[in-house]
Amino acid sequence: MSEKSDDNGARKLYATALELAPLILFFVANGRWGIYWGTGIFIVATAVALPCYRWLEKRWPVMPLVGGFFVLVFGGLTIWLQDDTFIKLKPTIVNCLFAVILGGGLVLFKKPLLKPLFGAAFKLTDEGWYQLTMRWTMFFFVLAIVNEVMWRNFPTDTWIASKMFLSFPLTLVFAFLQIPLLKKYWDGDDNPFARGS
């Protein structure tokens with residue numbers, strides 16, 4: 001059991017590193033060569049990270065895949081048109097898209113669409129999936145607002161830094177704060193979040 005837990009912990013650490021590495025390279029490259037070189041390196045790093053995700057998770061993870069697609073499209077437009085507005089808008093559009101899809105699933109179909117995405121990782125009751133989906137819907141809108149505030153009111157270097165030092169930590173903290181919900185609505189006796197309580 002502990003060996004399996006260690007393996008899961010290592011995979012989560014690798015997944016976090018894969019998510020953070022393109023942002024770090026973007027930050028460094030922008031500082032040295034400017035936004036257009038930084039965007040090009042961001043595209044390449046994301047294109048490398050996605051197959052690594054596939055190898056690590058044994059499947060194509062939906063959210064990084066969608067995010068990577070938009071990096072390619074908006075990053076390509078940024079370089080082609082020499083207009084950094086596109087790459088700055090990308091996080092707003094992606095986060096709003098996730099929020100609208102998740103929220104739309106709840107409102108229109110009464111279905112928590114996080115369940116097909118993360119059902120292999122978490123076993124929650126229907127109410128648990130509903131609550132978790134609703135929370136992530138709101139949080140994606142918060143991330144979109146943060147991005148809008150940062151790119152419209154601060155220099156490019158500050159906006160890029162905010163991706164690593166504001167948005168990414170906020171996401172980790174938010175995910176951590178969902179542990180009580182996962183503990184409360186876990187479906188079954190094998191609740192990993194109930195250990196030690």
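Predicted model: local features only at pLDDT ≥ 70, side-chain atom pairs only at ≥ 80, totals over all residues.
A crossing of two helices is called left-handed if the near helix is turned anticlockwise from the far one by less than a right angle.

The UniProt record, an unreviewed entry, places the feature "transmembrane region" at residues 35-53, 60-80, 92-109, 129-146 and 158-177. Two of these stretches can be checked against the fold. Over residues 35-53 the chain is 100% helix and 0% strand, with 26 Å between the end C-alpha atoms. Residues 92-109 also come out as 100% helix and 0% strand, and here the end C-alpha atoms are 25 Å apart.

Now for the pairs. Two packed helices are described by the angle between their axes and the distance between the axes. Take helix α2 (residues 35-57) and helix α3 (residues 62-81): their axes come within 9 Å and cross at roughly 155°. Angles over 145 degrees count as roughly antiparallel, so α2 is roughly antiparallel to α3. The crossing of α2 past α3 is left-handed. On the α2 side, the residues that meet α3 include Tyr-36, Phe-42, Ile-43, Leu-50 and Tyr-53. Among their partners in α3 are Pro-64, Leu-65, Gly-68, Gly-75 and Gly-76. Sorted by class, the contact of α2 with α3 has 10 nonpolar and 7 polar residues, and no charged ones.

Helix α4 (residues 85-109) and α6 make another such pair, packing at an angle of about 160° with their axes 8 Å apart. That angle makes α4 roughly antiparallel to α6. The crossing of α4 and α6 is left-handed. Charged residues do turn up in this contact: it has 16 nonpolar, 7 polar and 3 charged residues.

Two individual residues are worth a quick look. Asp-126 is found in helix α6, which covers residues 126-153. Is Asp-126 buried or exposed? Its relative accessibility is 58%, and anything over 50% is called exposed, so Asp-126 counts as exposed. Lys-115 is 11 residues away from Asp-126 along the chain, and their C-alpha atoms are separated by 8.9 Å.

Thr-158 lies in helix α7 (residues 156-177). With 32% relative accessibility, Thr-158 counts as partly exposed, because that label covers values between the 20% and 50% cut-offs. Along the chain, Thr-158 and Phe-27 are 131 residues apart, yet their C-alpha atoms are separated by 9.7 Å.

Notes
Residues numbered from 1 in each chain as written. Heavy atoms only, no water. UniProt positions renumbered as here; feature names shortened; annotations may be inferred. Helix = DSSP H or I, 4+ residues; strand = E, 2+ residues; numbered from the N terminus. Buried < 20%, exposed > 50% of the residue type's maximum accessible area, 1.4 Å probe, protein only. Axes fitted to C-alpha atoms, helices over the stretch in contact; angles between N-to-C directions. Parallel < 35°, antiparallel > 145°, perpendicular 65-115°, else oblique. Nonpolar A, V, L, I, M, F, W, Y, C, P; charged D, E, K, R; others polar. Contact = heavy atoms within 4.5 Å.
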